[in-house]
Amino acid sequence: MNENLFASFAAPSMMGLPIVVLIVMFPSILFPTPNRLINNRLISIQQWLIQLTSKQMLAIHNQKGRTWALMLMSLILFIGSTNLLGLLPHSFTPTTQLSMNLGMAIPLWAGTVITGFRYKTKASLAHFLPQGTPLPLIPMLVVIETISLFIQPMALAVRLTANITAGHLLIHLIGGATLALINISATTAFITFIILILLTILEFAVALIQAYVFTLLVSLYLHDNT
Amino acid sequence: SDGAPGPGHWDADAAAGGLVDLAVPGGAFSGRRAPCLKNPVLGPGVLQAIRIFHTRQPSLAPIPCVPEYGGKVCLGLIPKEFFQFLYPKTGVRGPYVLGTGLILYSLSKEIYVITAETFSAISTIGLLIYVVKKYGASIGEFADKLSEQKIAQLEEVKQASIQQIQDAIDTEKSQQALVQKRHYLFDVQRNNIAMALELTYRERLHRVYREVKNRLDYHISVQNMMRRKEQEHMINWVEKHVVQSISAQQEKETIAKCIAGLKLLAKKAPSQPVL
């Protein structure tokens, strides 16, 4: 092994130039603009998927929440496509970087909270105290709710980072195990390879699910606050 | 127009002739056939390279057609034009030998190192190939069905509009036909009125006749009555005077004569048999 386990998570640079910007911008060219009334198959399927997702996701929101439709749909498309592209061999996944996920989570969460405080101040403050708490517990509960509110962006970012990073690491490790076992016992290596295939299937699912979860939670925070 | 290369392939002549006009403002190449564009491998790249972006408003019509099929590929990656490019020099097996040689060279010289990533690459790419081979056609059909539904919806709107107008035309035509037949109605009404007038005329005529007859009957009956009265008067006058003229003696003589006659008759009667 001439590279350590975490080399694939280093920010890629070519001759000292950070090309991570190019990598982050790359998924956008995989979603072509529909130019015509009847498009090619790729665009038709993407249009259908986006319609399906947006209808389901924006159903719970009122008029004010639906102004966030573009934001939420872009979010789920970006995270989903970035995660899926990261499963290709020798590729870099931007969502493994905590910096990027924090950069997505904190502004969105802050946007929802500030919207809530700006337009429905009393209701937003009322969120800090659940209904029907006994009187002596109130101060402690307010503190707990405040902490739970401020942990939301951290949880969003860390959840995404941890899931994707853990998945990539597992694939890397089990691939390494297969490589090491080939010289020792071919059968065990084959079993390990089967495990790798199953894990890859899981990772495909996880890539999409994490995108969905991220966007869903932002949408929920929005729903609370509009 | 489908030439020798077939639909969806790199049509060198069309590219050289048609699309070059778009590439340069003013169509400087419109008179010539650029030879660099005829090369099937490098042609598309050259065309894109010499395309000048955003020098003027993009022409929105006519937009070029979307080709129906993608370019033909071998092993899912390498376009068939590459194989044709190598064919004159190396024959059919040339490109495959080239590919195998490149792979073996990179492996043996450790240009490509077999690491853990190799196995994850095998598993990921293998999975992707399996999914594409198994479900690719059905997903393509699904996408075609989506387009089909969209077109069908619009077609339905168009057909509904045409049908509506057709119905309006038919209604108008039937209305016009009805107008042509209106004269029957008027004839019937005219006949009705004529008959009614005739009836009234005859009725009045009959009444006049009856009235006149009444008057004349009256006069006749008056005349008859006068005559009868005159007759009776005359008869009474004649009777009265006759009776006055008969004296008492004449009356006795007449009665005695009648009695004598009757006696004679009575003598003659029993001699005749009774029938």
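Does Arg190(B) count as buried or exposed, and at what relative accessibility? At 53% relative accessibility, Arg190(B) counts as exposed, where exposed means over 50% relative accessible area, buried under 20%, and partly exposed in between (1.4 Å probe, protein chains only). This briefing concerns a predicted model, in which local features need pLDDT of at least 70, side-chain atom pairs count only at pLDDT 80 or more, and totals for chains, interfaces and linings use all residues. Residues are numbered from 1 along each chain as its sequence is written, chains are lettered from A and ligands numbered from 1 in the order in which they are written, and side-chain values use heavy atoms, with hydrogens and water left out.

**Chain B as a whole**

- Chain B has 7 helices and 2 strands; these are DSSP runs numbered from the N terminus (helices: H or I, at least four residues; strands: E, at least two).
- Read from the N terminus, the order of elements in chain B is α-α-β-β-α-α-α-α-α.
- Chain B contains 275 residues, of which 11% count as buried.
- The accessible surface of chain B is about 23500 Å², and carbon and sulfur atoms account for 63% of this surface; such areas come from the Shrake-Rupley method with a 1.4 Å probe, and for residues only the protein chains shown count as cover.
- Of the contacts (heavy atoms within 4.5 Å) in chain B between residues at least 6 apart in sequence, 43% join residues at least 24 apart.

**The interface of chain B and chain A**

- The contact involves 28 residues from chain B and 26 residues from chain A.
- In chain B, Ala116(B), Glu117(B) and Phe119(B) lose the most area to chain A, together 23% of what that side buries.
- The size of an interface is often given as the accessible area lost when the parts come together.
- Between chain B and chain A the buried area is about 2500 Å², with 75% given by carbon and sulfur atoms; buried area is the accessible area (1.4 Å probe) that two parts lose on being put together, summed over both.
- The count between the two chains is 1 salt bridge, in which the side chains of Asp144(B) and Arg41(A) meet (2.7 Å, N to O).
- By class, the side of chain B that touches chain A has 19 nonpolar, 6 polar and 3 charged residues; Ala, Val, Leu, Ile, Met, Phe, Trp, Tyr, Cys and Pro count as nonpolar, Asp, Glu, Lys and Arg as charged, and the others, Gly among them, as polar.

- Over all chains the structure holds 6 salt bridges, each defined by a side-chain nitrogen of Lys or Arg within 4 Å of a carboxyl oxygen of Asp or Glu.
- Side chains of opposite charge can pair when their charged atoms come close.
- Asp187(B) and Arg190(B) form a salt bridge (2.9 Å, N to O); being 3 residues apart in helix H6 (residues 182–245), they are separated by about one helical turn.
- Asp187(B) counts as partly exposed, at 32% relative accessibility.
- Arg202(B) and Glu198(B) also meet in a salt bridge (2.9 Å, N to O), and they lie 4 residues apart in helix H6, separated by about one helical turn.
- Arg202(B) is exposed at 52% relative accessibility, whereas Glu198(B) is partly exposed at 40%.
- Asp217(B) and Lys213(B) are joined by a salt bridge (3.8 Å, N to O), and both lie in helix H6, 4 residues apart, about one turn of the helix.
- Asp217(B) is partly exposed at 37% relative accessibility, and Lys213(B) is partly exposed with a relative accessible area of 42%.
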